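This report covers the pairing of charged side chains in one protein model. The sequence and structure come first, and the description follows.

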Amino acid sequence: MAVDGNWNCKMDTPLGERTMMLTLSANGSELTGTVSDGSAGTPITDGRADGDSASWKASINKPFPMALEFAVTVNGNELTGSVKLGAFGNAPIRGTRA
């Protein structure tokens, strides 16, 4: 599926630009994977894939505990979308296939 693979991503957050790595794998409409900031990966939850679009959730502890909600679209080797940062609003995300 279009979203499968490893992705090097950047988010523009209220705390500045943050980098992360995504590992995504679709099996039909089910999406699994991990989100990592370079340390241990966090498993995604509620992952859904639909063609070039995908959504999932992940909980992080750095810089402080927060639930993230991702909604992205893949176009070839590029990924774009937004991430809901809990109470801090939405942040754009962009990435390239690793």
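## Salt bridges

The structure holds 4 salt bridges, a salt bridge being a side-chain nitrogen of Lys or Arg within 4 Å of a carboxyl oxygen of Asp or Glu. The model is predicted, so local features need pLDDT of at least 70 and side-chain atom pairs count only at pLDDT 80 or more, while totals for chains, interfaces and linings use all residues. Residues are numbered from 1 along each chain as its sequence is written, and side-chain values use heavy atoms, with hydrogens and water left out.

| Pair | N to O distance |
|---|---|
| Glu 17 and Lys 10 | 4.0 Å |
| Arg 94 and Asp 12 | 3.1 Å |
| Asp 46 and Lys 57 | 3.5 Å |

Arg 94 and Asp 12 form a salt bridge. Arg 94 belongs to strand S9 (residues 90-97) and Asp 12 to strand S1 (residues 5-13), so this pair ties together parts 82 residues apart in sequence. Strands (E, at least two residues) are DSSP runs, numbered from the N terminus.

Asp 46 is bridged to Lys 57. Asp 46 is in strand S5 (residues 45-50) and Lys 57 in strand S6 (residues 53-60), 11 residues apart.

A network of salt bridges links Lys 10, Asp 12, Glu 17 and Arg 94. Partly exposed lies between buried (under 20% relative accessible area) and exposed (over 50%), with a 1.4 Å probe and protein chains only. Arg 94 has a relative accessible area of 33% and Asp 12 one of 35%.

How values were computed: Helices (H or I, at least four residues) and strands (E, at least two) are DSSP runs, numbered from the N terminus.
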